[in-house]
Amino acid sequence: MAKTEAVVHVINGRQKKLVHGHPWIYGNEIERVEGDPADGELVEAVDFRGRFLGRGIYNSHSLLTVRLLTHDGTEVTEELIRERVKNACRMRKTVLARPGTDSCRLIYGEADLLPGVICDRFGGTVVLQILTLGMEKYTDVIADALMDCEQPECLYLKNDDRIRQKEGMDCFVRVIRGNLPETVIVTENGIRMKVDIEGGQKTGSFLDQKANHLYVRQFSKDARVLDCFSYSGGFALNAAYAGAREVRAVDISEGAVRLIAENAVLNGLTVEPILANCFDFLREQVRLGEQYDVIILDPPAFTKAHANMENACRGYKEIALSAMRLLPAGGILATHSCSYHMPEETFLNTVYSAAQDLHRTVQLLDLRRQDMDHPVLAGYPESHYLKSVWLRMLDGPASR
Ligand code: SAH
(Lines give C-alpha, C1' and ligand atoms only; values in the text may rest on other atoms or scores of the structure.)
Protein backbone atom coordinates (compact mmCIF):
# COMPACT_ATOMS: atom_id res chain seq x y z
CA MET A 1 0.00 0.00 0.00
CA ALA A 2 1.19 3.52 -0.80
CA LYS A 3 2.53 5.43 2.14
CA THR A 4 0.17 8.16 3.30
CA GLU A 5 1.44 11.55 2.27
CA ALA A 6 2.53 14.01 4.90
CA VAL A 7 0.36 17.11 5.11
CA VAL A 8 1.73 20.64 5.00
CA HIS A 9 -0.53 23.23 6.62
CA VAL A 10 -0.17 26.65 5.03
CA ILE A 11 -0.60 29.67 7.29
CA ASN A 12 -3.74 31.73 6.93
CA GLY A 13 -3.45 34.40 4.25
CA ARG A 14 -1.00 32.55 2.01
CA GLN A 15 -3.47 30.17 0.39
CA LYS A 16 -4.86 32.57 -2.22
CA LYS A 17 -1.86 32.60 -4.58
CA LEU A 18 -1.78 28.79 -4.44
CA VAL A 19 -5.45 28.56 -5.32
CA HIS A 20 -4.67 30.81 -8.30
CA GLY A 21 -1.99 28.48 -9.60
CA HIS A 22 1.21 29.59 -7.88
CA PRO A 23 3.47 26.58 -7.31
CA TRP A 24 5.67 27.72 -4.43
CA ILE A 25 5.25 27.41 -0.67
CA TYR A 26 8.07 29.07 1.26
CA GLY A 27 9.25 27.64 4.56
CA ASN A 28 7.90 30.65 6.43
CA GLU A 29 4.47 30.12 4.93
CA ILE A 30 4.12 26.75 6.61
CA GLU A 31 2.30 26.60 9.92
CA ARG A 32 3.08 22.97 10.62
CA VAL A 33 3.86 19.69 8.94
CA GLU A 34 1.83 16.63 9.82
CA GLY A 35 3.97 13.52 9.35
CA ASP A 36 7.66 13.34 8.68
CA PRO A 37 8.32 13.76 4.96
CA ALA A 38 11.79 13.04 3.61
CA ASP A 39 13.32 15.59 1.26
CA GLY A 40 12.14 14.95 -2.27
CA GLU A 41 8.97 13.20 -1.12
CA LEU A 42 5.44 14.04 -2.18
CA VAL A 43 3.28 15.95 0.29
CA GLU A 44 -0.23 17.28 0.35
CA ALA A 45 -0.79 20.96 1.05
CA VAL A 46 -3.87 22.25 2.83
CA ASP A 47 -4.99 25.71 3.97
CA PHE A 48 -5.59 26.79 7.56
CA ARG A 49 -9.06 25.25 7.43
CA GLY A 50 -7.68 21.96 6.17
CA ARG A 51 -8.92 22.52 2.61
CA PHE A 52 -6.90 20.79 -0.08
CA LEU A 53 -4.52 23.12 -2.01
CA GLY A 54 -2.48 20.68 -4.05
CA ARG A 55 0.21 18.06 -4.14
CA GLY A 56 3.88 18.81 -4.39
CA ILE A 57 7.42 17.93 -3.51
CA TYR A 58 8.93 18.69 -0.14
CA ASN A 59 12.50 19.81 0.44
CA SER A 60 13.52 21.11 3.86
CA HIS A 61 16.87 22.29 2.36
CA SER A 62 15.17 24.75 0.07
CA LEU A 63 13.65 28.14 0.89
CA LEU A 64 10.92 26.98 -1.45
CA THR A 65 9.99 24.13 0.83
CA VAL A 66 7.13 22.81 -1.27
CA ARG A 67 6.75 23.01 -5.03
CA LEU A 68 3.25 22.10 -6.05
CA LEU A 69 2.84 19.89 -9.07
CA THR A 70 -0.94 19.64 -9.08
CA HIS A 71 -3.59 21.95 -7.71
CA ASP A 72 -6.42 19.45 -7.92
CA GLY A 73 -6.62 15.84 -6.83
CA THR A 74 -4.44 14.56 -9.68
CA GLU A 75 -1.88 11.99 -8.57
CA VAL A 76 1.76 12.72 -9.32
CA THR A 77 3.01 9.84 -11.42
CA GLU A 78 5.75 9.22 -13.97
CA GLU A 79 3.04 9.32 -16.60
CA LEU A 80 2.03 12.82 -15.51
CA ILE A 81 5.63 14.03 -15.81
CA ARG A 82 6.02 12.36 -19.21
CA GLU A 83 2.81 14.01 -20.47
CA ARG A 84 3.98 17.39 -19.27
CA VAL A 85 7.27 17.06 -21.13
CA LYS A 86 5.43 16.04 -24.27
CA ASN A 87 2.95 18.87 -23.91
CA ALA A 88 5.77 21.37 -23.51
CA CYS A 89 7.52 20.07 -26.65
CA ARG A 90 4.24 20.18 -28.59
CA MET A 91 3.91 23.96 -28.16
CA ARG A 92 7.54 24.50 -29.26
CA LYS A 93 6.83 22.97 -32.67
CA THR A 94 5.34 26.36 -33.54
CA VAL A 95 8.59 28.10 -32.63
CA LEU A 96 10.74 25.57 -34.46
CA ALA A 97 8.55 26.02 -37.56
CA ARG A 98 9.68 29.64 -37.91
CA PRO A 99 11.82 30.15 -41.00
CA GLY A 100 15.50 29.46 -40.36
CA THR A 101 15.04 28.47 -36.71
CA ASP A 102 16.33 25.24 -35.19
CA SER A 103 16.61 26.27 -31.53
CA CYS A 104 14.27 27.10 -28.70
CA ARG A 105 13.53 26.49 -25.06
CA LEU A 106 11.63 23.21 -24.81
CA ILE A 107 10.83 23.28 -21.09
CA TYR A 108 10.57 26.41 -19.00
CA GLY A 109 10.32 25.06 -15.45
CA GLU A 110 7.29 26.01 -13.41
CA ALA A 111 5.63 27.66 -16.43
CA ASP A 112 5.47 24.21 -18.03
CA LEU A 113 4.37 22.70 -14.71
CA LEU A 114 7.78 21.06 -14.25
CA PRO A 115 9.40 22.97 -11.34
CA GLY A 116 13.08 23.63 -11.86
CA VAL A 117 13.34 21.76 -15.17
CA ILE A 118 14.99 23.76 -17.92
CA CYS A 119 15.55 22.32 -21.34
CA ASP A 120 16.88 24.02 -24.46
CA ARG A 121 17.22 22.72 -27.97
CA PHE A 122 20.28 23.92 -29.91
CA GLY A 123 19.99 22.37 -33.36
CA GLY A 124 20.58 18.64 -32.89
CA THR A 125 21.69 19.01 -29.27
CA VAL A 126 19.27 19.15 -26.37
CA VAL A 127 20.54 20.52 -23.06
CA LEU A 128 18.65 19.56 -19.92
CA GLN A 129 19.08 21.18 -16.52
CA ILE A 130 17.36 19.96 -13.37
CA LEU A 131 17.45 22.38 -10.49
CA THR A 132 15.10 20.83 -7.95
CA LEU A 133 15.42 17.73 -5.84
CA GLY A 134 11.83 16.79 -6.55
CA MET A 135 12.44 16.57 -10.27
CA GLU A 136 15.86 14.96 -9.99
CA LYS A 137 14.33 11.53 -9.46
CA TYR A 138 12.41 11.92 -12.73
CA THR A 139 15.57 12.58 -14.74
CA ASP A 140 15.26 9.34 -16.73
CA VAL A 141 11.54 9.80 -17.33
CA ILE A 142 12.17 13.33 -18.61
CA ALA A 143 15.15 12.23 -20.70
CA ASP A 144 13.18 9.38 -22.31
CA ALA A 145 10.24 11.66 -23.09
CA LEU A 146 12.63 14.19 -24.67
CA MET A 147 14.27 11.49 -26.76
CA ASP A 148 10.81 10.41 -27.92
CA CYS A 149 9.58 13.88 -28.85
CA GLU A 150 12.73 15.49 -30.18
CA GLN A 151 15.04 12.67 -31.25
CA PRO A 152 18.16 14.78 -30.67
CA GLU A 153 21.61 13.64 -31.74
CA CYS A 154 22.84 14.48 -28.27
CA LEU A 155 21.10 14.87 -24.93
CA TYR A 156 23.35 16.67 -22.47
CA LEU A 157 22.58 16.96 -18.77
CA LYS A 158 24.04 20.26 -17.60
CA ASN A 159 23.50 20.06 -13.87
CA ASP A 160 26.22 22.56 -13.00
CA ASP A 161 24.15 25.50 -11.76
CA ARG A 162 25.09 26.31 -8.19
CA ILE A 163 21.42 26.73 -7.32
CA ARG A 164 21.47 22.93 -7.02
CA GLN A 165 23.58 23.21 -3.89
CA LYS A 166 20.81 25.22 -2.22
CA GLU A 167 18.56 22.24 -2.84
CA GLY A 168 21.13 19.92 -1.29
CA MET A 169 22.25 18.43 -4.61
CA ASP A 170 25.70 18.17 -6.16
CA CYS A 171 26.82 19.71 -9.46
CA PHE A 172 27.83 17.60 -12.45
CA VAL A 173 27.46 17.35 -16.20
CA ARG A 174 26.87 14.17 -18.19
CA VAL A 175 26.07 13.20 -21.73
CA ILE A 176 22.94 11.05 -21.51
CA ARG A 177 22.58 10.09 -25.19
CA GLY A 178 24.85 10.42 -28.22
CA ASN A 179 27.97 12.59 -28.21
CA LEU A 180 28.32 16.28 -27.63
CA PRO A 181 29.55 17.75 -30.93
CA GLU A 182 32.77 19.72 -30.70
CA THR A 183 31.07 22.76 -32.17
CA VAL A 184 27.38 23.50 -31.94
CA ILE A 185 26.08 26.00 -34.47
CA VAL A 186 22.42 26.97 -34.37
CA THR A 187 20.29 28.93 -36.77
CA GLU A 188 18.11 31.67 -35.37
CA ASN A 189 15.89 33.46 -37.88
CA GLY A 190 18.33 32.54 -40.62
CA ILE A 191 21.40 33.75 -38.72
CA ARG A 192 23.98 31.19 -37.70
CA MET A 193 25.35 31.36 -34.18
CA LYS A 194 27.93 29.35 -32.38
CA VAL A 195 26.82 28.11 -28.97
CA ASP A 196 29.31 27.25 -26.27
CA ILE A 197 27.34 24.58 -24.45
CA GLU A 198 30.01 23.49 -22.00
CA GLY A 199 31.58 26.84 -21.17
CA GLY A 200 28.83 29.29 -22.12
CA GLN A 201 26.49 31.22 -19.86
CA LYS A 202 23.26 29.52 -18.68
CA THR A 203 22.50 26.49 -20.88
CA GLY A 204 24.72 27.99 -23.59
CA SER A 205 22.80 30.84 -25.16
CA PHE A 206 20.02 33.34 -24.56
CA LEU A 207 17.06 31.94 -26.46
CA ASP A 208 14.66 34.32 -24.74
CA GLN A 209 15.71 37.21 -26.99
CA LYS A 210 15.13 35.51 -30.38
CA ALA A 211 12.01 37.48 -31.29
CA ASN A 212 13.54 40.73 -30.07
CA HIS A 213 16.73 40.06 -32.08
CA LEU A 214 14.52 39.83 -35.16
CA TYR A 215 12.58 42.94 -34.17
CA VAL A 216 15.67 45.14 -34.33
CA ARG A 217 15.99 44.53 -38.07
CA GLN A 218 13.21 46.96 -39.01
CA PHE A 219 15.15 49.86 -37.48
CA SER A 220 18.56 48.91 -38.75
CA LYS A 221 18.79 49.67 -42.46
CA ASP A 222 21.58 52.20 -43.02
CA ALA A 223 21.73 52.81 -39.27
CA ARG A 224 24.69 53.11 -36.95
CA VAL A 225 23.92 50.52 -34.27
CA LEU A 226 25.39 49.94 -30.81
CA ASP A 227 24.64 46.61 -29.09
CA CYS A 228 25.60 46.82 -25.42
CA PHE A 229 25.89 43.66 -23.26
CA SER A 230 25.95 41.75 -26.51
CA TYR A 231 27.00 38.23 -25.42
CA SER A 232 27.13 36.26 -28.69
CA GLY A 233 25.89 39.22 -30.72
CA GLY A 234 22.23 38.36 -31.34
CA PHE A 235 21.10 41.98 -31.75
CA ALA A 236 24.26 43.10 -33.54
CA LEU A 237 24.14 40.31 -36.12
CA ASN A 238 20.49 40.97 -36.93
CA ALA A 239 21.16 44.67 -37.33
CA ALA A 240 24.07 43.95 -39.68
CA TYR A 241 21.93 41.44 -41.59
CA ALA A 242 19.27 44.10 -42.11
CA GLY A 243 21.77 46.46 -43.72
CA ALA A 244 23.10 48.61 -40.90
CA ARG A 245 25.81 51.04 -41.95
CA GLU A 246 27.93 50.22 -38.92
CA VAL A 247 27.45 47.85 -35.96
CA ARG A 248 29.42 47.78 -32.74
CA ALA A 249 28.90 45.10 -30.09
CA VAL A 250 30.23 45.54 -26.56
CA ASP A 251 30.68 42.96 -23.81
CA ILE A 252 32.88 42.64 -20.74
CA SER A 253 33.56 38.93 -21.29
CA GLU A 254 36.44 37.85 -23.50
CA GLY A 255 34.58 34.66 -24.40
CA ALA A 256 31.58 36.69 -25.53
CA VAL A 257 33.66 39.06 -27.65
CA ARG A 258 35.31 36.05 -29.30
CA LEU A 259 31.88 34.56 -30.02
CA ILE A 260 30.68 37.82 -31.59
CA ALA A 261 33.69 37.91 -33.92
CA GLU A 262 33.25 34.25 -34.88
CA ASN A 263 29.53 34.66 -35.47
CA ALA A 264 30.08 37.69 -37.70
CA VAL A 265 32.49 35.68 -39.87
CA LEU A 266 30.11 32.71 -39.89
CA ASN A 267 27.44 34.91 -41.47
CA GLY A 268 29.66 37.07 -43.67
CA LEU A 269 28.57 40.13 -41.72
CA THR A 270 30.56 43.06 -40.39
CA VAL A 271 30.31 43.69 -36.66
CA GLU A 272 32.96 45.39 -34.57
CA PRO A 273 33.36 43.48 -31.27
CA ILE A 274 34.54 45.61 -28.37
CA LEU A 275 35.78 44.28 -25.05
CA ALA A 276 34.71 46.80 -22.42
CA ASN A 277 32.61 47.53 -19.40
CA CYS A 278 29.47 49.05 -20.93
CA PHE A 279 29.05 51.58 -18.11
CA ASP A 280 32.50 53.04 -18.87
CA PHE A 281 32.17 52.60 -22.63
CA LEU A 282 28.86 54.47 -22.81
CA ARG A 283 30.22 57.31 -20.68
CA GLU A 284 33.28 57.54 -22.90
CA GLN A 285 31.15 57.61 -26.04
CA VAL A 286 29.19 60.53 -24.60
CA ARG A 287 32.44 62.35 -23.84
CA LEU A 288 33.60 61.78 -27.41
CA GLY A 289 30.32 63.18 -28.77
CA GLU A 290 29.46 59.96 -30.66
CA GLN A 291 25.98 59.48 -32.12
CA TYR A 292 24.07 56.30 -32.98
CA ASP A 293 20.73 55.63 -34.63
CA VAL A 294 19.90 52.51 -32.64
CA ILE A 295 21.15 51.43 -29.21
CA ILE A 296 20.36 48.16 -27.48
CA LEU A 297 20.94 47.70 -23.75
CA ASP A 298 20.58 44.15 -22.43
CA PRO A 299 22.46 43.94 -19.11
CA PRO A 300 22.48 40.94 -16.79
CA ALA A 301 20.04 41.04 -13.86
CA PHE A 302 21.13 43.93 -11.64
CA THR A 303 18.98 42.60 -8.87
CA LYS A 304 18.47 39.05 -7.77
CA ALA A 305 16.52 40.16 -4.76
CA HIS A 306 13.72 42.59 -4.14
CA ALA A 307 15.84 44.46 -1.59
CA ASN A 308 18.29 45.67 -4.25
CA MET A 309 15.64 47.37 -6.34
CA GLU A 310 16.88 50.87 -5.71
CA ASN A 311 20.41 50.04 -6.80
CA ALA A 312 19.10 48.20 -9.80
CA CYS A 313 17.00 51.19 -10.85
CA ARG A 314 20.07 53.39 -10.52
CA GLY A 315 22.00 51.05 -12.81
CA TYR A 316 19.25 50.92 -15.43
CA LYS A 317 18.88 54.67 -15.27
CA GLU A 318 22.57 55.34 -15.65
CA ILE A 319 22.91 53.36 -18.87
CA ALA A 320 19.64 54.75 -20.22
CA LEU A 321 20.89 58.31 -19.57
CA SER A 322 24.12 57.66 -21.45
CA ALA A 323 22.35 55.91 -24.31
CA MET A 324 19.84 58.75 -24.72
CA ARG A 325 22.68 61.23 -24.89
CA LEU A 326 24.07 59.23 -27.80
CA LEU A 327 20.76 59.24 -29.70
CA PRO A 328 19.60 62.15 -31.87
CA ALA A 329 15.95 62.88 -32.72
CA GLY A 330 14.49 59.75 -34.33
CA GLY A 331 16.97 57.49 -32.54
CA ILE A 332 15.77 54.13 -31.22
CA LEU A 333 16.54 52.81 -27.75
CA ALA A 334 15.78 49.19 -26.89
CA THR A 335 16.42 48.62 -23.21
CA HIS A 336 15.94 45.43 -21.23
CA SER A 337 15.62 44.12 -17.73
CA CYS A 338 15.82 40.38 -17.17
CA SER A 339 15.22 40.49 -13.43
CA TYR A 340 11.80 39.28 -12.37
CA HIS A 341 12.10 41.38 -9.22
CA MET A 342 11.87 44.47 -11.40
CA PRO A 343 8.21 45.13 -12.19
CA GLU A 344 7.52 46.27 -15.73
CA GLU A 345 6.01 49.55 -14.59
CA THR A 346 8.96 50.39 -12.34
CA PHE A 347 11.38 49.63 -15.16
CA LEU A 348 9.42 51.73 -17.62
CA ASN A 349 9.25 54.63 -15.16
CA THR A 350 12.98 54.37 -14.55
CA VAL A 351 13.67 54.69 -18.27
CA TYR A 352 11.15 57.52 -18.61
CA SER A 353 12.79 59.36 -15.73
CA ALA A 354 16.09 59.30 -17.63
CA ALA A 355 14.35 61.04 -20.54
CA GLN A 356 12.78 63.55 -18.15
CA ASP A 357 16.13 64.39 -16.58
CA LEU A 358 17.50 65.11 -20.05
CA HIS A 359 14.39 67.10 -21.07
CA ARG A 360 13.84 64.70 -23.93
CA THR A 361 10.49 63.57 -25.26
CA VAL A 362 10.22 59.87 -26.00
CA GLN A 363 7.62 57.64 -27.59
CA LEU A 364 7.00 54.09 -26.47
CA LEU A 365 6.92 51.99 -29.64
CA ASP A 366 6.61 48.62 -28.03
CA LEU A 367 6.67 46.83 -24.72
CA ARG A 368 7.85 43.31 -25.34
CA ARG A 369 8.93 40.36 -23.27
CA GLN A 370 10.73 37.03 -23.54
CA ASP A 371 9.95 34.90 -26.59
CA MET A 372 6.95 32.58 -26.39
CA ASP A 373 9.02 29.45 -25.80
CA HIS A 374 9.40 31.02 -22.32
CA PRO A 375 5.65 31.29 -21.66
CA VAL A 376 4.22 33.17 -18.70
CA LEU A 377 2.08 31.03 -16.43
CA ALA A 378 -1.05 32.80 -15.19
CA GLY A 379 -0.92 33.02 -11.40
CA TYR A 380 2.88 32.75 -11.36
CA PRO A 381 4.19 36.24 -12.11
CA GLU A 382 7.83 35.13 -11.61
CA SER A 383 7.66 33.48 -15.03
CA HIS A 384 7.55 36.94 -16.63
CA TYR A 385 11.09 38.20 -16.18
CA LEU A 386 12.22 39.87 -19.38
CA LYS A 387 11.05 43.40 -20.04
CA SER A 388 11.89 44.83 -23.45
CA VAL A 389 11.19 48.53 -23.87
CA TRP A 390 11.45 50.07 -27.33
CA LEU A 391 11.56 53.85 -27.39
CA ARG A 392 11.95 56.50 -30.06
CA MET A 393 13.54 59.81 -29.23
CA LEU A 394 11.05 62.35 -30.52
CA ASP A 395 13.35 65.31 -30.19
CA GLY A 396 17.06 65.94 -30.02
CA PRO A 397 19.09 67.06 -27.01
CA ALA A 398 17.93 70.45 -25.69
CA SER A 399 19.91 73.24 -27.29
CA ARG A 400 21.42 75.68 -24.83
N1 SAH B 1 22.23 40.57 -25.42
C2 SAH B 1 22.53 39.17 -25.30
C3 SAH B 1 22.44 38.64 -23.89
C4 SAH B 1 23.20 39.43 -22.90
S5 SAH B 1 23.47 38.64 -21.38
C6 SAH B 1 21.62 38.39 -26.23
O7 SAH B 1 20.71 38.98 -26.78
O8 SAH B 1 21.85 37.21 -26.40
C9 SAH B 1 24.36 39.84 -20.53
C10 SAH B 1 25.79 40.04 -21.01
O11 SAH B 1 26.31 41.16 -20.34
C12 SAH B 1 26.75 38.90 -20.75
O13 SAH B 1 27.32 38.49 -21.94
C14 SAH B 1 27.82 39.50 -19.82
O15 SAH B 1 29.12 39.05 -20.12
C16 SAH B 1 27.69 40.95 -20.12
N17 SAH B 1 28.09 41.89 -19.08
C18 SAH B 1 27.87 41.84 -17.75
N19 SAH B 1 28.29 42.97 -17.13
C20 SAH B 1 28.80 43.76 -18.10
C21 SAH B 1 29.37 45.07 -18.11
N22 SAH B 1 29.49 45.79 -17.00
N23 SAH B 1 29.78 45.57 -19.30
C24 SAH B 1 29.64 44.86 -20.43
N25 SAH B 1 29.10 43.63 -20.48
C26 SAH B 1 28.67 43.09 -19.34
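A residue is called buried when its relative accessible area is under 20%, exposed when over 50%, and partly exposed in between, using a 1.4 Å probe and protein chains only. The model on display is predicted: local features need pLDDT of at least 70, side-chain atom pairs count only at pLDDT 80 or more, and totals for chains, interfaces and linings use all residues. Residues are numbered from 1 along each chain as its sequence is written, and side-chain values use heavy atoms, with hydrogens and water left out.

**Stop 1: the domains**

Colour residues 7-70 as domain 1, 78-185 as domain 2 and 208-393 as domain 3; these bounds come from an automatic or database domain assignment. The C-alpha centres of domain 2 and domain 3 are 28 Å apart. Their contact (heavy atoms within 4.5 Å) takes 14 residues from domain 2 and 13 residues from domain 3.

**Stop 2: helix 10**

Select residues 309-325, which form helix 10. Helices (H or I, at least four residues) and strands (E, at least two) are DSSP runs, numbered from the N terminus. The expected span of a helix is 1.5 Å times one less than its number of residues. For the 17 residues of helix 10 this gives 24 Å, which agrees with the 24 Å between its end C-alpha atoms. Its buried residues include M309, Y316, I319 and L321. Now show what covers them: helix 9 (278-288), strand 17 (294-297), strand 18 (332-337), helix 11 (344-357) and strand 20 (387-393) are among the covering elements.

**Stop 3: helix 11**

Select F347, L348, T350, V351, S353, A354 and A355, the buried residues of helix 11. They pack against helix 10, strand 18, strand 19 (362-369) and strand 20. Just after helix 11, H359 has a positive phi of about 55°.

**Stop 4: the cavity**

On a 1 Å grid over the protein atoms alone, a cavity is a set of points where a 1.4 Å probe fits but cannot get out; lining residues have an atom within 4 Å of a point. Grid points are joined across faces, edges and corners, and a volume is the space filled by probe spheres set on the points. The structure holds one cavity of 30 Å³ or more, and the largest cavity has a volume of about 70 Å³. To find the largest cavity, select I57, Y58, N59, L64, T65, R67, P115, T132, L133, G134, M135 and E167. Helix 3 gives the most to this lining, with three residues. Domain 1 and domain 2 each supply at least three lining residues.

Methods. 1 Å grid on protein atoms, 1.4 Å probe; cavity = no way out; pocket = protein on both sides within 12 Å on 5 of 7 lines; lining within 4 Å.
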